[in-house]
Structures are given as C-alpha cells and as structure tokens.
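Here's a quick look at a few local features of one model. Have the sequence and the 3D view open as you read.

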Amino acid sequence: YNFEGRYDLVQFIKLVKKAGLYVHLRIGPYICGEWNFGGFPVWLKYVPGISFRTDNEPFKKIVQMMKDENLFESQGGPIILSQIENEYEPESKLYGPAGKAYVKWAAKMAVGLNTGVPWVMCKEYDAPDPVINTCNGFYCDYFSPNKPYKPTLWTEAWTGWFSDFGGPNYQRPVEDLAFAVARFIQKGGSFVNYYMYHGGTNFGRTAGGPFITTSYDYDAPIDEYGLIRQPKYDHLKKLHKAIKLCEKALLNSDPNIVILGSYEKAHVFSSESGGCAAFLSNYNLRSNAKVTFNNMHYNLPRWSISILPDCRNVVFNTAKVGTEASRVQMVPTNVKIESWETFNEDVHSVDDESSMTVKGLLEQLNITRDTSDYLWYTTSVRISSSESFLRKGTPLTLSIQTAGHGIHVFINGQLSGSAFGTQQKRKFSFTKNINLHPGENKISILSIAVGLPNIGPHFETRNIGVQGPVVLQGLDEGKKDLTWQKWSYKVGLKGEADNLGSPNSIPSIDWTRGSLATLKQRPLTWYKAFFNAPGGDDPLALDMSGMGKGQVWINGESIGRYWTISVNGNCSGCSYVGAFRQTKCHFGCGGPTQQW
C-alpha cells in the first residue's frame with residue numbers, strides 16, 4: 001500500500017501487522033534527493049550513488065524491522081516488484097509510433113538492469129514481455145493481463161480520491177471498497193495494493209497537480225495524521241482475514257462460475273488438494289437476494305459478496321459492517337501563540353526590482369522555473385489630461401485573460417481586485433472598473449500558480465500565467481490593447497527572497513509588532529509568531545479557517561499551501577450501492593476544502 005508523508009516506521013509496521021496485511025516491497029527510481037518511505041510496499045526514492053541491493057545499509061535496516069515484526073511469516077518472504085512507467089498508455093497512443101517505441105525502450109532498459117525481480121507497467125496493455133501489465137482503478141475485476149502466463153495484479157486499488165481547493169472531499173464507502181477487492185479476488189486476482197492505505201501530506205509545494213490540496217488524506221484506512229479511520233480499517237482487516245482463510249483453495253484451483261439468479265453468482269474454487277472456497281455475489285442495485293448454494297440458503301445484501309472459506313459457512317460479507325464510524329476531534333492545545341509581527345510586501349517597488357523587461361506576455365513557468373508560486377507582470381499606461389473620462393468621472397475597464405491559476409491586480413500600488421480559476425476551469429478572466437490619473441500609471445499583476453501539470457501529454461505546451469489579451473476600455477481612442485506593450489517581470493515575493501519563513505531570516509527586515517487582532521490585515525502580508533511546543537506525542541495541526549490564501553512555515557520548514565475557499569459539491573448523501581465515482585459521496589460542503 002502506498003504511504004505519503006512522514007511517519008514513524010516501526011509504529012507503522014505494527015499497524016500494518018495489526019490490520020492483517022502482508023508486506024510487499026516495491027522499489028522504483030523516483031524523485032531524487034532524499035530517502036522517503038513513500039509506500040508500504042516501500043517506495044524508496046532513488047538517491048544517486050545508492051544501490052537498491054541488500055548491501056545497502058538503510059534498506060537492510062528496513063527489511064530487518066519487518067522481519068522483527070514477523071510480517072513475512074505467512075508468505076515465506078517478500079514479493080519484490082519494480083515499476084517502470086505508470087499509466088502511460090493513454091499518452092503513448094497520442095504519440096503514435098513514437099509512444100510505442102518508447103514503451104519498448106523503457107521495458108528493455110529496465111529488464112537490462114538485471115535487478116532479479118519482476119518489472120510492472122501500470123495500465124499499459126502492450127507492456128512487452130517479461131514486463132507485467134497491471135491495473136489501477138476503483139475496480140479491476142474486468143482486468144486480465146496481456147498474456148495468460150502473467151499474474152493478475154491490481155497495483156492501485158483507490159480507497160478514495162484526492163481533494164482540490166474549492167472542490168469537495170471524497171468518502172469511498174468501505175462496503176464498496178471491500179466489494180471491489182472481493183470481486184477482483186473471486187475472478188482470480190493475485191495481488192491487491194491499496195492506494196492509499198495511509199493518507200499523507202503534500203508538504204511544501206509538492207502537491208501533485210493544479211489546485212490539489214496540501215492534505216492527501218484520500219479517505220485512507222489510516223488517515224493523514226496516522227490515526228485509524230473506522231470502519232474502513234477494521235472492515236478491510238476482516239476482509240483480508242477472510243481471504244486468507246481461502247488461501248489453499250485460491251492457490252490450487254481456478255474459479256468455476258455458478259449462476260444463482262439474475263444478478264447473483266457463485267465463484268467456486270475447489271480441488272482435492274486445496275479444498276473448497278466460494279464467493280457468493282449479488283450485483284443488484286435495488287434488492288437483497290436469497291439464494292441456494294450447495295443445498296443451503298444464503299441471504300445476500302444488494303451490491304455485496306459473501307465469502308465462504310469452506311463453501312458452507314459465511315465468515316464475511318462486504319456490505320455488513322460491524323464497527324462504528326470514528327470521528328477525529330481537534331482539541332485545542334492551549335499553547336499561546338505570541339509576539340505577532342507583520343511585514344507587508346511593497347508593491348510600489350516591484351517594477352524597480354524586475355529581473356527582465358520584454359515586449360509581450362510570457363508564460364509563467366518558463367520564467368519562474370517553479371522556484372516560486374508567484375510571478376509579477378508590470379506595465380505602464382500614460383493617460384493624457386485631455387481624456388474625456390477624467391472630466392466625466394467615469395472609470396475605465398480593465399480586462400485580463402489568464403491561463404491560471406490566480407491573480408491579484410494592483411493599480412498604482414493599490415489592490416484593485418483578485419480572481420481565480422478552478423481545477424475544472426483553470427483559464428479565467430478578470431474584468432473590473434479601475435481609476436487612472438493623468439500621467440504615468442502602473443499596472444501590476446501578481447500571477448499565482450497552485451501546483452504543476454501532473455497528467456497528460458506535452459507538458460511543454462501547458463501554459464500558466466497571464467497570457468492575454470490585456471485590454472483597457474473607455475479611453476477616447478476606444479479599446480487599448482496592452483498585450484504587446486513592454487512588460488517587466490519579477491519572480492517571487494520579497495519575503496521569499498529574504499527567506500522570511502526561516503527563523504534565520506534577514507534581521508534588517510522591518511517587522512511591525514502587535515496582536516493579531518489589532519494588526520491591520522492587508523494584501524501580501526507576512527505574519528510571524530512564536531509558541532512553545534505542546535507536550536505529548538499526538539499529531540498536531542494548524543487551524544487556518546481565519547486566514548485566506550497563502551503558505552505556512554514552522555521553524556523554516558514549509559508545511560504547505562492553505563486556501564480556505566468554500567467547497568462546491570453535492571453533499572446530499574452517500575450510498576455504498578453502485579459504482580463509485582468522483583461524482584458521488586462528497587462531504588464538507590459550505591466549509592473550506594482544507595481547514596486544518
């Protein structure tokens with residue numbers, strides 16, 4: 001199961017064992033630069049100069065920890081898989097022959113490393129031998145590998161869905177998740193890997209896609225804070241135990257399908273050496289069913305599967321949950337946050353500090369190289385004293401077209417307005433009346449990125465930032481297009497350049513002291529305070545509901561972005577019945593997508 005975020009490894013192994021799970025190791029060459037236990041199965045992110053063989057000391061320590069917890073005892077040893085490419089198939093089709101050639105090259109390159117373990121390609125139907133193609137999704141019982149001698153692997157069983165700022169949080173009912181896993185096993189599936197089993201946190205600016213929240217809780221059985229989420233945790237634990245009871249039958253026979261009704265079936269695994277196990281299913285969305293199997297009667301709730309390890313006695317039904325739902329309660333620590341200070345960005349000096357000036361509007365990431373979420377676009381407009389709007393007192397109208405993800409517009413150093421896109425509609429427009437005076441006027445646009453492209457082809461063609469046109473209307477000459485004027489560019493904020501998020505920031509910064517209640521809140525303001533660490537070892541969070549949008553640092557470590565925009569979704573209810581999709585089971589409507 002994949003795990004994102006920081007967590008005590010030994011404690012985590014104990015939770016895995018307690019849940020009745022078995023550990024499989026998966027090792028892949030992922031983001032360079034640091035060890036990060038990004039999954040259990042373990043993703044070890046590749047560090048240059050470190051080999052992933054057993055002579056590697058950090059890896060040996062991890063394996064020893066798992067041995068100490070007896071996590072290998074039921075299987076005799078770990079299954080180790082390496083991954084090359086993830087869900088590339090849709091993109092490979094768009095590239096035509098070049099896409100197919102790349103898949104073959106990647107497979108040949110990976111196999112040529114002679115790691116001694118199988119390689120997999122997730123959602124890549126034409127994965128060449130000996131690479132194994134696998135399934136990712138909410139359901140994978142429809143899936144078969146591209147060769148009959150390859151095992152049927154479910155590399156990402158989605159336990160929930162990620163959240164985006166302004167969008168709802170998602171809750172996948174455990175009844176449906178258990179139903180999906182049982183469906184996969186009854187069809188002959190060999191391996192299930194949960195994504196996510198442990199929710200995580202996108203610290204810093206590492207959120208995996210535009211508008212994705214800092215929280216990557218994913219409605220996982222172990223939540224973002226390392227707390228058990230019930231009933232999902234216990235219900236899956238019971239599912240795993242029930243499947244384990246069928247082990248001999250599953251390993252020694254293929255399923256024989258018996259029709260029990262219009263929507264009801266039995267998948268029966270039976271052999272002399274393995275005994276008998278059966279999965280009784282009811283796919284009806286409306287009605288429970290009463291079926292007869294092996295001369296015995298069974299009641300099957302709608303949209304469920306009953307597991308019979310001996311073909312007689314039901315030990316588990318996916319729709320029958322026996323554990324009450326847990327509720328995480330945030331309790332104040334009573335720790336005082338003191339010595340508030342503020343620092344305001346000087347919008348007037350942005351043009352003087354610009355790094356470059358060119359004709360026309362430039363794409364944001366080409367300038368920032370993702371060193372900051374922010375890019376300043378600044379231009380000047382000269383207004384003649386004879387302009388009619390000055391005598392009439394009528395304002396001008398400024399229109400800006402942008403490719404996202406948000407903008408703040410300043411006219412002569414004063415905030416004129418703000419606008420933002422959404423996950424679904426990233427391009428948007430800003431239109432507002434503005435006041436200009438005779439002579440030189442400065443228009444400064446602060447463009448804000450909220451994550452980078454994370455899926456699809458041709459990232460090099462994706463645009464972020466002010467793309468234009470930028471148009472001023474209401475002048476005597478009519479419409480004035482500012483798009484191809486000279487624009488000055490400055491990457492980031494002054495506070496970023498001065499490292500204000502660090503306790504060791506430049507001491508010459510002129511901070512203003514006061515209480516948070518009395519400090520005047522202005523756009524582009526940095527807030528700094530001090531507090532004593534709370535006692536105990538419970539997980540901690542910051543309540544950001546009183547703030548707007550920005551980023552948080554604690555002791556110089558970036559905790560991530562926050563944005564308390566209200567949720568827009570359909571929170572009318574949630575039924576486990578029927579195929580789960582991102583259009584159902586929303587919650588949190590009316591409040592911020594992420595408060596903590």
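Which residues form a nonpolar patch on the surface, with about 320 Å² of accessible area together?

## Ground rules

This is a predicted model, so to speak of local features takes pLDDT of at least 70, side-chain atom pairs count only at pLDDT 80 or more, and totals for chains, interfaces and linings use all residues. Residues are numbered from 1 along each chain as its sequence is written, and side-chain values use heavy atoms, leaving out hydrogens and water.

## The surface patch

The patch is made up of L227, V328, M330 and W596. Patch members have over 30% relative accessible area and no salt bridge, with like charges joined within 9 Å and nonpolar side chains (Val, Leu, Ile, Met, Phe, Trp, Tyr) within 5 Å. A salt bridge here is a side-chain nitrogen of Lys or Arg within 4 Å of a carboxyl oxygen of Asp or Glu. Areas come from the Shrake-Rupley method with a 1.4 Å probe, and for residues only the protein chains shown count as cover.

W596 sits in the segment after β32 (586-587). At 35% relative accessible area, W596 is partly exposed (buried is under 20%, exposed over 50%, partly exposed in between; 1.4 Å probe, protein chains only).

## Around Y170

Y170 belongs to strand β6 (residues 169-170); strands are DSSP runs of E, at least two residues, numbered from the N terminus. With 9% relative accessibility, Y170 is buried. Beyond residues up to four places away in sequence, Y170 touches W161, F162, D219, Q582, K584, C585, H586 and F587, where contact means heavy atoms within 4.5 Å.

Technical notes:
Helix = DSSP H or I, 4+ residues; strand = E, 2+ residues; numbered from the N terminus.
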